[in-house]
Amino acid sequence: MTKPRTEGANLPADKLAELYRTMRLIRDFEESMIKFQKAGELPGPVHLCIGQEAVATGICDHLDDTDYIASTHRGHGHFIAKGGDPALMMAEVFGRVDGICQGKGGSMHAADFSKGILGANGIVAGGVGLATGAAYACQLAGKGQVSVVFFGDGAAAQGVISEALNVASLWKLPLLLVCENNGYSEFSPYNTVNAGEIADRGAAFKVPSIQVDGNDMVTMWRTARTAVERARAGEGPTLIEAQTYRHRGHVEYEDTFLTKPYRSEEEVEAWKAKDPLPRFRDYLVSGELVPSEDLDAIDADTASIIRNAADFARNSPWPEPGDALKHMF
Ligand SMILES: Cc1ncc(C[n+]2csc(CCOP(=O)(O)OP(=O)(O)O)c2C)c(N)n1
Ligand SMILES: [Mg+2]
């Protein structure tokens, strides 16, 4: 496992503002979900990524529509960071016919192939094999595309991770394995699920691996750039373990069924103090990299995008019951 370099970002202001905008858009989407879930407007569960936005943003900024991502059950942020339309995602989560999968996928199975989004996945580690296959397809196509799989620390304990590391290393596949280590698998703390460090596992397969602060936007962006460049150059996979935290519960309604807390208030507060969004904002403003008025304008814009997305979702009809079996295998 290597440690990240800590040199400055050296990014132009418009790029920094764009990264802030993506994080802000994800945060606004997720915060709206809290409200809609509480109001009983969502037909299914939602797993929110508030606190983890820098990972999706930093990675996906280096990708375009021809690159692939495979996501998790906590996938709204990946979808938006990869260029998916928040309104189509919102309508999907609302189960409506104008959703990206006509309301049949919902939060946990939303995909948009036109954007290279192979889908969120309700099966823990289910995206790993998909993304590895896509990486093989990228290699065969010979056009320099890459494939990324996002997975959690709980998913890291699944055997398919070893298979993916093995074959990706052996065949030098253009694959990024991005572990969002938020310290919990549902309600089980990391050290009750995983032995050792996730980033140490790559070495056994000769896969370059790195453990990074997943709440540091600039570190995430730089780490991703190196890994994507390696993959595009035909040099093979990289394993990135991004250490982060989810501010919300595992699933939005968990307080209705949990009988006792599984993490302390102090722990949650300590991580909130490392919230990647205000942290990046402070970095931009105090370093005089992007003026705060520009960031305020971005905040206003993303808020209006999410308001419009919610109107779009609410006004979209429910799917016809007779269409339930359409598009099924
Ligand atoms: C194969 C499989 N096993 C178990 C579950 C139940 N389950 C849903 S989410 C989850 C925890 C996943 O933890 P992690 O991979 O760390 O992702 P996080 O929720 O922290 O983002 C589990 C065990 C499942 N959906 N699929
Ligand atoms: Mg986890």
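Predicted model: local features only at pLDDT ≥ 70, side-chain atom pairs only at ≥ 80, totals over all residues.
## Around ligand 1

Start with the ligand. Ligand 1 has 16 residues around it, and the closest are Val 124, Gly 152, Gly 154, Ala 155 and Ser 185. Sorted by class, that shell holds eight polar residues, four nonpolar ones and four charged ones.

## Helix 2 against helix 7

Next up is a pair made of helix 2 (residues 53-60) and helix 7 (residues 217-232), whose axes come within 8 Å and cross at roughly 35°. The crossing of these two, helix 2 and helix 7, is right-handed.

On the helix 2 side, the contact uses Ala 54, Val 55, Thr 57, Gly 58 and Ile 59, while helix 7 brings in Met 217, Met 220, Trp 221 and Ala 224. No charged residues turn up in this contact of helix 2 with helix 7: seven are nonpolar and two are polar.

## Helix 1 against helix 10

Helix 1 (residues 13-38) packs on helix 10 (residues 292-315) with the axes 9 Å apart and an angle of about 40°. That angle is why helix 1 and helix 10 count as oblique to each other. Their crossing, helix 1 over helix 10, is right-handed.

Helix 1 makes the contact through Ala 17, Tyr 20, Arg 21, Arg 24, Leu 25, Asp 28, Phe 29 and Ser 32. Facing them from helix 10 are Asp 294, Leu 295, Ile 298, Asp 299, Thr 302, Ala 303, Ile 305, Ile 306 and Ala 310. Here, the contact of helix 1 with helix 10 includes five charged residues, along with ten nonpolar and two polar ones.

How values were computed: Residues numbered from 1 in each chain as written. Chains lettered and ligands numbered in written order. Near = placed C-beta within 6 Å. Nonpolar A, V, L, I, M, F, W, Y, C, P; charged D, E, K, R; others polar. Axes fitted to C-alpha atoms, helices over the stretch in contact; angles between N-to-C directions. Helix = DSSP H or I, 4+ residues; strand = E, 2+ residues; numbered from the N terminus. Left-handed = near helix turned anticlockwise from the far one by under 90°. Contact = placed C-beta atoms within 7 Å. Parallel < 35°, antiparallel > 145°, perpendicular 65-115°, else oblique.
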